[in-house]
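Open the structure in your viewer and keep the selection panel at hand.

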There are 2 protein chains.
Amino acid sequence: MTTLETVSEQRCFDGVQGFYKHPSTACGGEMTFAVYRPPQALSGARRPVVTWLAGLTCTPETFTIKAGAQRVAAQLGLILVMPDTSPRGAGIAGEDDSYDFGSAAGFYLDATQEPWSRNYNMETYVTRELAEIVAANFPIDAEAQGIFGHSMGGHGALTLHLRHPERYRSVSAFAPVSAPMQCPWGQKAFRNYLGEDRDAWRQHDASELVRARPSDARMLIDQGRQDQFLEEQLKPEIFEAACKEAGQPYELRMHDGYDHSYYFVQTFIEDHLRHHAAALGA
Amino acid sequence: MTTLETVSEQRCFDGVQGFYKHPSTACGGEMTFAVYRPPQALSGARRPVVTWLAGLTCTPETFTIKAGAQRVAAQLGLILVMPDTSPRGAGIAGEDDSYDFGSAAGFYLDATQEPWSRNYNMETYVTRELAEIVAANFPIDAEAQGIFGHSMGGHGALTLHLRHPERYRSVSAFAPVSAPMQCPWGQKAFRNYLGEDRDAWRQHDASELVRARPSDARMLIDQGRQDQFLEEQLKPEIFEAACKEAGQPYELRMHDGYDHSYYFVQTFIEDHLRHHAAALGA
């Protein structure tokens, strides 16, 4: 049984915004995550749960302070889970040198290459280890789980949904890295975490995955047209073409004037939470 | 005419969240502030404006990322103005040494004591200099202005309203420092900014001011019962007694379980914005 330590718990919209830490086997060190319990869950009633995957440079706190999600989660009775974006303090040379690789840039996959493979196992961490800890400590309805995220976390949401459709029944993304094999962020991460084997890369590229194994879930994706990373890093048009080809249900909404920030995320967060609540029967 | 430089402008809830900087006479250096323009103001239509005064350690960004206010301001058509909490980089020895005095702790008054009096003139800055800059550069309805804030900024909102009722027609506060002459934060600030003259202190203490000159505006005040600063620093009971004695209209709401953080602020921000909109005829 994993020991869970409460870092803090604060009242928010009559629910509880908490931060917790625990020793992690998958990441070889201590990990911190956040959970928002809506008022409906405080009496122990089992509620649907949606996991938020944050982007490069973010921590478990980012979404809890910047997205305005608790208001809507409290209305809908959704539990929110916010993992960290990578291991921290693994002690690997260079892990803190880049904003787009190493710490705060785990890319939600299990590294196969030394020296990263011992700690950088965020897919196992999120989908297995953290999922079990959450199920053991919070009143989730394990049959009603969804996943969403922003930027690198949008990549994580799309790929973890496509790789684990039985676990994550609903999915959505803000400005996701949609074709990581074809952009600098993805190539840097895949080369260093996975080596040069392109077949391994394909297992973690949403545009490749959706061609190989589309899901039944309708994907909601929001993207700002003034996003500074749109052309070089995000490439929603590649993912859209792959969805069409594969018959994947999706809705890609392009928004004039919006950029890559949480001012964009907070604008559309209610739509995403309602999308998950509807899909999960909340 | 003051030169206003745009630092950034980002789309948010179909309005614009902007940051601006300018040389300040009152503060003897460059000052940064934030403005949120709701969609109704983008065509130039004049809209009511509410100024938010932040607390100790905060910047103009704090409220814009943590309060979830833009969603409601966009619905109500309110312009929001977020000044900084003090001058920055004045070059005064010790100005950055404390979280509760000097930079990020201007207490929304004009200092009379050396070496602070040259730069630390936040009352003149907020009520005159910044107000004129905002009026000249944004489509505000100058007859429909309100003020609100949190903690030290709640103190600022109450005192600046009471000292300038003709300018700020509506007022509200979250966890305000309500009787600064009787708490460590206030005593430290008043002693250093204003000297030992207690009559000068009384001009910036909401509980003293309201006895001397109550206003016609109904004050909305929210306070968490689990606020870690409630007993030592905030003392709403002193202000409440003064309001009763003076016939000041007010509503003090005590909330079980809530602390001093922006998780508390975001929970009740909609009520405050609706309070201002109603008072200002938005």
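This is a predicted model: local features need pLDDT of at least 70, side-chain atom pairs count only at pLDDT 80 or more; totals for chains, interfaces and linings use all residues.

**Stop 1: the largest cavity.** Select Val49(B), Thr51(B), Val81(B), Val126(B), Leu130(B), Ala131(B), Val134(B), Ile140(B), Gln145(B) and Tyr168(B). These residues line the largest cavity, whose volume is about 90 Å³. Now colour chain B by element. β4 (47-53), α3 (122-137) and β6 (140-150) each supply at least two residues of this lining. Which element gives the most? It is α3(B), with 4 residues. Switch to colouring by residue class. The lining shows 8 nonpolar and 2 polar residues, and no charged ones.

**Stop 2: the second largest cavity.** Move to chain A. Select Val49(A), Thr51(A), Val81(A), Val126(A), Leu130(A), Ala131(A), Val134(A), Ile140(A), Gln145(A) and Tyr168(A) to show the lining of the second largest cavity. Two or more lining residues come from each of β4 (47-53), α3 (122-137) and β6 (140-150) of chain A. The volume here is about 70 Å³. α3(A) gives the most to this lining, with 4 residues. By class, the lining has 8 nonpolar, 2 polar and no charged residues.

**Stop 3: the sheet of chain A.** Hide the side chains and show the strands. 9 strands form an open sheet with mixed pairing. Follow them across in the order β1-β2-β3-β5-β4-β6-β7-β8-β9. At the edges stand β1 (5-12) and β9 (250-255) of chain A; each has a single partner strand, so one side of each is left without a neighbour in the sheet. From one strand to the next, the twist averages 20°.

**Stop 4: the β1-β2 pair.** Zoom in on β1(A) and strand β2 (residues 15-24) of chain A. They pair in the antiparallel sense over 7 bridges. What stands opposite Glu9(A)? Select Gly18(A), in β2(A).

**Stop 5: a helix on the sheet.** Select helix α10 (residues 262-280) of chain A, which packs on the sheet. Among the strands it touches are β4, β5 (79-82) and β6 of chain A. Helix α10 of chain A also touches β7 (170-174), β8 (219-224) and β9 of chain A. Its direction makes about 170° with that of β7(A).

**Stop 6: a helix from the other chain.** Finish with helix α10 (residues 262-279) of chain B. This helix lies across β1 and β2 of chain A.

Notes
Residues are numbered from 1 along each chain as its sequence is written. Chains are lettered from A and ligands numbered from 1 in the order in which they are written. Side-chain values use heavy atoms; hydrogens and water are left out. On a 1 Å grid over the protein atoms alone, a cavity is a set of points where a 1.4 Å probe fits but cannot get out, and a pocket is an open set with protein on both sides within 12 Å along at least five of seven lines; lining residues have an atom within 4 Å of a point. Grid points are joined across faces, edges and corners, and a volume is the space filled by probe spheres set on the points. Ala, Val, Leu, Ile, Met, Phe, Trp, Tyr, Cys and Pro count as nonpolar, Asp, Glu, Lys and Arg as charged, and the others, Gly among them, as polar. Two strands pair if DSSP finds at least two bridges between them. Axes are lines fitted to C-alpha atoms, for helices over the stretch in contact, and angles run from 0 to 180 degrees between N-to-C directions. Contact means heavy atoms within 4.5 Å.
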